[in-house]
Amino acid sequence: MSSTFSARVLAAVRRIPPGRVATYGDIAALAGRPGAARAVGNVMRACQAPDVPCHRVIAAGGRLGGYGGQEVLKRALLMAEGIPFSGFRIRLVNGRRFDGPNGSTRLARRRRTATR
């Protein structure tokens, strides 16, 4: 994983507005490496920058994902931003999903699916 990729990941996460979420796969696509969701997770795990809203990056299907073992804190931060939950899963995740500028995440996912 290059530092350039890490920088693109962090820049993409900084663009997620309050009240919205993106999956690890969404962020990988925005960073130019569709399919690198696990690498995004590694960047998130190492991130200590206070200006990066890591809590807004979630696992597929509305699951919270890691957050350094502090899922309760992640859930509380998202709830404070108005994200609805059912247990530890985000309800209506697609309605809260950040799709990047001009739908770029959706386009990258389509390109990846088309090349499989």
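Reading contacts in a predicted model

Mentor: In this predicted model, Arg75 lies over the face of Phe88, at 5.1 Å from the ring centre.

Trainee: What makes Arg75 count as sitting over the ring of Phe85?

Mentor: The charged end of Arg75 is 5.1 Å from the centre of the Phe85 ring.

Trainee: What does a search for aromatic pairs find?

Mentor: Zero in the whole structure.

Trainee: Why is helix 1 called roughly perpendicular to helix 3?

Mentor: The axes of helix 1 (residues 3-14) and helix 3 (residues 37-46) cross at roughly 80 degrees and come within 10 Å. Angles of 65 to 115 degrees count as roughly perpendicular, and therefore helix 1 is roughly perpendicular to helix 3.

Trainee: Which residues make that contact?

Mentor: Helix 1 contributes Phe5, Ser6, Val9, Leu10 and Val13, and helix 3 contributes Ala39, Val40, Val43 and Met44. By class, eight are nonpolar, one is polar and none is charged.

Trainee: How do you know that Asp51 and Arg14 form a salt bridge?

Mentor: Their side chains meet at 2.8 Å, N to O. The limit is 4 Å, so the pair qualifies. Asp51 is in the loop between helix 3 and strand 2 (57-58), while Arg14 is in helix 1, 37 residues apart.

Trainee: How many salt bridges does the whole structure have?

Mentor: Three.

Technical notes. Residues numbered from 1 in each chain as written. Predicted model: local features only at pLDDT ≥ 70, side-chain atom pairs only at ≥ 80, totals over all residues. Heavy atoms only, no water. Axes fitted to C-alpha atoms, helices over the stretch in contact; angles between N-to-C directions. Helix = DSSP H or I, 4+ residues; strand = E, 2+ residues; numbered from the N terminus. Parallel < 35°, antiparallel > 145°, perpendicular 65-115°, else oblique. Contact = heavy atoms within 4.5 Å. Nonpolar A, V, L, I, M, F, W, Y, C, P; charged D, E, K, R; others polar. Phe/Tyr/Trp six-rings, centres within 6.5 Å; stacked < 30°, edge-to-face > 60°. Lys NZ or Arg CZ within 6 Å of the ring centre and 35° of its normal.
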